[in-house]
Amino acid sequence: MPLFKSSPKSPQELAKGLKEALGVLSSGGAKRAEKAAEEAAKILGQIKVMLYGSGDQEPQPELTAQLAQEFYNHDILLHLINNMAKLDFEAKKDLAQIFNNVLRRQIGTRCPTVEYLCSKFELVLKLIRGYENPEVALNCGMMLRECVRHEPLAKLILENGDFYLFFKFVELSTFDVASDAFAMFRDLLTRHKILCANFLETNYEKVFVDHYQKLLNSENYVTRRQSLKLLGELLLDRHNFTTMSLYINNPDNLKLMMKMLIDPSRNIQFEAFHVFKVFVANPNKSKPILDILLRNREKLTDFLTKFHTDRTEDQQFNDEKQYLIKQIREMQPAADTATATAEAAAV
Amino acid sequence: MAAEEAPTPAPTIQKQGSVDTYKWSNKREDYELLDVIGSGATSVVQAANCLTNNTKVAIKRIELEQCGATIEELQREIGLMSNCSHPNVVSYYTSFVVKDELWLVMKMMSGGSLLDIIKHIVAEGDSKGGVLEEVTIATVLKGVLQGLEYFHANGLIHRDVKAGNILIGEDGSVQVADFGVSNWLYDSQLRLGGKAASRKSPRRTFVGTPCWMAPEVMDQSVGYNEKADIWSFGITALELATGTAPYAKFPPMKVLMLTLENPPPTLETCGDLNRDEYKKHYSKSFQKMVEKCLQRDPAKRPTASELQKHQFFKKARESDYLVQTIIKQGPSFASRAKRVKRVPGSSGRLHKTEDGGWAWSDDELSERADEEDRENVKPSADEDAVVTSTTIPTVQVSAPGTSSSSTADPSAQSQLDKKIAQIEEKMKRLKMDREQLTTQQQQNPAEFTEEQYKSSVALLENIQRLEREKHELEFQASRLRGSVPRFPVATAPPQTAALLKFCLRIRTEQNQLKDIKFDFIPGKDSADALSNDLIAAGLLEMKNIVVVAANITKLVENPSQKKLIFPLGNMPPSQLEEKKLIGYAQLNLIE
């Protein structure tokens with residue numbers, strides 16, 4: 001090959017070299033491991049060029065196909081993920097880019113890497129657990145984000161108990177890791193509409209009562225604010241109609257939102273307003289909900305009248321606020337409450 | 001802050017990208033805050049001592065309540081920073097939340113920014129023939145170029161290269177700070193939006209600071225790439241020589257005009273006062289280098305790697321050269337630090353006082369104030385709420401009004417009713433099937449097969465589709481009846497109610513405009529039930545339910561208004577177009 005100074009390695013050679021380096025990396029002594037890490041980093045760099053091209057050099061489809069095949073046959077991705085923490089900073093980034101490129105591969109309508117990962121799901125679980133290790137958390141996040149784009153993988157993650165780990169990850173103390181985990185959490189719950197609606201509906205109790213509630217009551221300001229915002233998005237998505245109906249008929253949820261309306265943070269108050277409005281606008285309020293609203297009628301109308309009065313430029317907000325005030329002011333007790341009171345009075 | 005035990009000695013040198021960088025504490029009490037070294041509209045940068053490893057750091061404290069950026073934007077920014085590890089790129093250590101502030105822990109660059117330094121030199125009156133001498137400029141800019149080369153190799157564009165964003169360390173190291181789409185992070189100069197707002201915060205249409213901005217970035221009809229940074233780099237070179245960017249004295253709009261219309265600035269055209277002096281002080285190779293960067297056609301500008309090979313950069317020295325020159329010339333650290341009045345009990349918050357200084361508020365004070373604020377306007381979510389009954393009021397499908405509307409067509413209506421009944425029957429069956437599957441899944445998730453899952457999803461889709469069909473039919477039926485009396489009416493009826501015919505013009509998810517016509521009988525219909533029906537019929541997005549109901553109410557109460565156009569709050573303000581109903585909907589009364 002006269003065109004190149006040194007002829008580039010073939011996909012088979014690259015995969016073989018990488019596998020050897022990773023083998024040493026996972027079992028060898030410190031000295032050997034260091035060399036192996038360097039070797040692995042070098043090969044990852046070459047693989048990246050093969051997949052993405054460089055300069056005016058376009059990637060060649062037949063080479064990338066061969067490479068992917070090597071990856072599946074020798075479980076290279078799995079080995080890479082297992083040894084990720086031992087790779088250097090730039091090699092980890094290369095790995096994430098390589099992983100995502102291979103994952104996006106399509107043959108017709110088939111996504112062979114997605115199929116591969118479905119059969120080697122422990123690899124995806126490993127990526128999720130990556131959030132526990134700050135050294136690899138964000139790299140894992142990058143790869144997971146690509147995984148979640150694919151419905152079969154998103155579905156497996158949701159159905160696997162490990163999904164509930166995210167409730168813990170979003171409260172990690174390092175902001176960038178926690179908020180990356182939150183972005184993933186949101187993706188998982190919103191990206192594939194039907195899948196998500198089905199998941200939320202089937203697991204309503206576990207998700208909202210057992211776990212989500214804790215996020216809304218978190219000590220961490222960012223967790224509170226973000227989870228409340230996401231809650232609003234989830235409830236106002238028409239695919240989640242059933243979930244919303246369940247949510248807005250539970251008086252505990254209404255009480256929580258009323259509490260959040262008076263949170264010291266204006267941002268949180270504002271997000272709470274956007275959930276609270278759904279309770280009030282619901283034409284089929286359950287009796288307990290109606291009772292709470294009626295009991296607090298004076299306070300609520302008074303409160304809303306003074307609520308964020310400086311948002312004069314936000315017409316939607318002001319329209320909605322006026323509407324809520326009117327609704328609450330004119331609210332009628334449920335028919336059976338009236339009779340119940342009448343009976344009580346008679347006794 | 002209470003004196004703590006002397007921390008165990010720890011290495012003071014942090015290797016870039018090494019494991020060490022992950023070992024920073026995320027606890028507020030592990031940092032002893034010192035002087036304020038910089039401030040923006042919603043943030044301050046403070047020197048601090050990290051007690052766990054006894055290292056001096058800079059902490060940027062961003063007030064999340066006030067900050068115009070969303071948390072997602074901040075996350076993106078910090079994600080970018082933590083994804084960079086290069087000696088010429090700002091070293092980020094960790095970040096964490098303290099009350100409603102975000103603390104960003106970064107390497108302390110005690111020399112300050114190059115802007116601080118050139119300002120200081122100019123103020124000392126030491127800049128007749130140019131502010132920084134050529135060797136210093138070459139040394140600094142070479143570091144900047146290496147930083148930019150790293151950015152560009154990672155597919156990033158800095159977009160705001162300027163002296164104010166180049167930081168100098170105690171040891172003469174040079175780091176590029178503040179990158180990504182985020183001039184708000186370190187710099188409040190270009191907060192076009194002014195006040196912070198959350199949902200409605202104006203999106204800056206272009207990023208960067210006008211004086212340093214490449215023409216193709218200003219001209220938004222063409223895209224731009226990393227070569228935009230090379231232009232800004234050239235402007236920065238002029239800035240270091242003359243003390244300001246060309247056109248710095250003009251207002252932003254004028255700067256845009258001059259940049260787009262005039263030939264690219266040069267040392268001669270921008271240094272109007274000391275033109276001849278400058279020419280004496282700065283070599284041809286400096287001027288050539290600048291000229292190469294400031295070419296109108298981005299493709300002609302060199303890349304960051306190519307530019308490093310330019311003859312001018314042969315003059316560059318090692319970084320300790322800068323210790324001798326600019327760090328000695330620059331302002332002392334102490335003079336930059338602004339004194340902070342401190343109130344005991346220092347976990348309070350910093351805020352700017354009227355005289356522009358910084359002060360701590362005591363924790364308890366501020367909490368008491370919060371308390372009072374809340375006291376004034378508080379509804380209480382009554383915890384002891386007596387919840388006696390959990391019965392959910394059943395949906396009342398009341399009999400069609402015995403004819404408030406003479407247009408009712410009984411045969412069409414009975415047909416509709418029949419169809420609705422059929423659909424209801426179908427739905428009932430599907431729902432039962434699905435319930436079975438759901439119970440199976442809950443009881444025995446392990447044995448729940450792919451097939452079963454798929455059919456469960458398919459069932460749900462079918463149910464939802466049928467539900468929409470049903471509601472659509474019901475909606476039609478109700479229109480035939482001239483009202484939508486499916487729900488108990490909550491509004492107090494006005495006395496003489498005339499039928500109101502509405503038309504709602506709104507965009508579908510596919511962005512098509514559509515007209516939805518419906519009738520409203522004041523006193524009989526309620527806006528919320530109607531708007532709810534529109535949702536159920538798949539004619540309206542859930543998120544618009546309240547705002548549509550609110551506007552129906554407005555027109556019902558004041559029919560003389562005839563027409564209302566209202567924003568839907570689903571779009572960034574830059575894309576809104578009221579005339580085309582992009583991000584808006586229109587509701588009007590038909591005669």
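This tour moves through a predicted model, from its confidence to a sheet and then to its nonpolar cores.

Residues are numbered from 1 along each chain as its sequence is written, and chains are lettered from A in the order in which they are written. Local features need pLDDT of at least 70 and side-chain atom pairs count only at pLDDT 80 or more, while totals for chains, interfaces and linings use all residues; side-chain values use heavy atoms, without hydrogens and water.

**Confidence in chain A**

The chain averages 91, and 94% of the residues score at least 70. Within chain A, helix α10 (residues 166-169) has the highest confidence, at 97, and helix α21 (residues 335-346) the lowest, at a mean of 50. Helices are DSSP runs of H or I, at least four residues, and strands are runs of E, at least two. Next, select residues 338-347 of chain A: pLDDT stays under 50 there, with zero contacts beyond four places in sequence. Contact means heavy atoms within 4.5 Å.

**The sheet in chain B**

Select β1 (31-39) and β4 (92-98) of chain B, the edge strands of an open, antiparallel five-stranded sheet ordered β1-β2-β3-β5-β4. Pairing requires at least two DSSP bridges. Six bridges join β4(B) to β5 (residues 101-107) of chain B; V97(B) has L102(B) as its bridge partner.

**The nonpolar core**

Finally, select F166(A), which touches residues including I128(A), Y131(A), L144(A) and F185(A). F166(A) is among the residues with the most contacts inside the largest nonpolar core, which has 168 residues. Such a core is a set of buried Ala, Val, Leu, Ile, Met, Phe, Trp, Tyr and Cys residues joined through side-chain atoms within 4.5 Å, where buried means under 20% relative accessible area (1.4 Å probe, protein chains only).

Definitions and conventions. pLDDT is the predictor's confidence in each residue, from 0 to 100. Buried means under 20% relative accessible area, exposed over 50%, partly exposed in between (1.4 Å probe, protein chains only).
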